[in-house]
Amino acid sequence: MIFIDACFGKDTPHTPVWMMRQAGRYLPEYMKVRQKAGDFLSLCKTPELAAEVTLQPVDILGVDAAILFSDILVVPLEMGMKLEFVKGEGPQFPKPVICENDLSALDINRAVENLKYVYETIKITRSKLSHENALIGFCGAPWTLATYMIEGSGTKTYSKVKKLLYTNPRFLHAVLFKVTETLKLYMEEQIKSGVNVVQIFDSWASALEDSAFFEFSWRYIKEICAYLKSRYPHIPIIVFPKGISGYLDKIDGDFDVFGVDWSTPIELAKEKLGHKYILQGNMEPARLYDKNAIKNGVEHIVSIMDARRHIFNLGHGILPDIPVENAKYFVDLVHSLTKK
Ligand code: CP3
């Protein structure tokens with residue numbers, strides 16, 4: 001699999017490419033299956049249909065890897081929190097974690113057991129996916145999940161979780177610890193079910209100042225990496241802490257690929273981390289609105305990375321109103337410009 005070779009720094013015939021959020025609303029084929037399922041969570045919980053949408057971007061766009069169709073928030077859901085996807089408002093936990101009792105009501109083993117529909121989706125997808133294509137498993141980072149669990153929804157100010165961080169750090173650490181323990185076992189089950197590589201999404205990393213990032217986010221990501229690497233060294237790990245370009249000097253840990261977000265210049269990431277880790281990324285997703293913007297974006301990244309030690313991706317998720325034709329143009333262009 002060229003994707004896995006690339007994760008380990010081996011030479012490949014071209015730079016592999018995929019897009020974060022590549023299975024989603026910009027694909028009419030996705031909307032059809034979602035309608036059949038009824039709603040988003042039912043789609044996640046119906047393995048046959050979730051496998052179908054996982055495979056769509058590989059068939060339609062020719063990306064080198066499929067990413068499991070699920071969501072980072074199914075973990076707190078199956079730990080015992082009620083989760084709602086409110087149209088136009090994004091995901092919400094109507095009863096957020098506020099006190100010790102809320103936390104002790106959440107159950108690690110129950111989550112790992114209840115997430116069977118994810119493992120089933122992986123098994124079906126892997127059986128249908130070509131051996132040339134990698135299947136990516138994923139989870140949210142403990143900090144990003146804890147933020148959702150404590151805020152109850154997306155947030156601009158992070159006021160509830162940050163208030164805890166400075167007034168009751170022990171409690172926040174207790175939440176992070178419990179989520180981390182769950183994620184270790186959950187990712188282990190994903191690997192046993194057949195994923196070839198895993199990615200940890202820390203979408204809210206940029207909310208934290210330097211010292212807080214390393215204390216409340218990065219150390220837990222590193223713990224998950226160490227747990228998985230000691231047991232499954234052949235499974236590459238991709239980390240994606242979004243918006244932390246100021247802290248790159250202090251990044252270390254037992255992972256293989258560092259996901260660069262679009263706000264971090266690829267030159268800077270290469271200088272600071274390119275010798276230690278394979279880099280993934282990082283075209284600004286909005287460039288997909290225009291073919292010329294795509295061409296300039298791809299050419300710039302190719303000029304810096306020179307088709308070495310690199311996996312192509314966007315610098316965050318694809319937006320729901322991107323023309324499919326442009327997404328395909330992006331994938332084809334990466335393949336042709338990086339061909340050896
Ligand atoms: O990348 C993929 O194609 C695989 C599936 C995937 C989804 N969510 C499907 C999804 C992945 C990897 C995620 C990760 C995820 N989910 C993150 C981390 C990545 C990032 O973007 O920063 C976060 C923060 C979430 C939480 C979440 N779930 C949000 C903010 C939303 C969007 C709400 C909205 O209305 O747009 C979701 C829902 C969601 N997850 C959708 C999809 C395809 C949209 C559901 C739909 O309308 O069909």
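This is a predicted model: local features need pLDDT of at least 70, side-chain atom pairs count only at pLDDT 80 or more; totals for chains, interfaces and linings use all residues.
Buried here means under 20% relative accessible area.

**Entry: Tyr 158.** I looked up phi for Tyr 158 and got a value near 60°, positive in a residue that isn't glycine. Most residues other than glycine have a negative phi, so I made a note of the spot. Tyr 158 sits in the loop between helix H9 (142-151) and helix H10 (159-167). Buried or exposed, I wondered about Tyr 158? Its relative accessibility is 10%, so Tyr 158 counts as buried.

**Entry: Ala 307.** I found another positive phi at Ala 307, about 55°, and again the residue is not a glycine. Ala 307 lies in the loop between helix H14 (291-305) and strand E9 (310-314). With 15% relative accessibility, Ala 307 is buried too.

Entry: I checked omega from Gly 281 to Asn 282: near -15°, which makes the bond cis. Most peptide bonds are trans, so I wrote this one down. Where is Asn 282? I placed Asn 282 in strand E8, which covers residues 278-283.

**Entry: cysteines.** How many disulfides does the structure hold? I counted zero. Cys 7 is in no disulfide, and the nearest cysteine sulfur to its own belongs to Cys 225, 13 Å away. A pair would have to be within 2.5 Å to count. I also looked up accessibility: Cys 7 is at 2%, so Cys 7 counts as buried. Cys 99 has a relative accessible area of 33%, so I put Cys 99 down as partly exposed.

Key. Residues are numbered from 1 along each chain as its sequence is written. Side-chain values use heavy atoms; hydrogens and water are left out. Helices (H or I, at least four residues) and strands (E, at least two) are DSSP runs, numbered from the N terminus. Buried means under 20% relative accessible area, exposed over 50%, partly exposed in between (1.4 Å probe, protein chains only).
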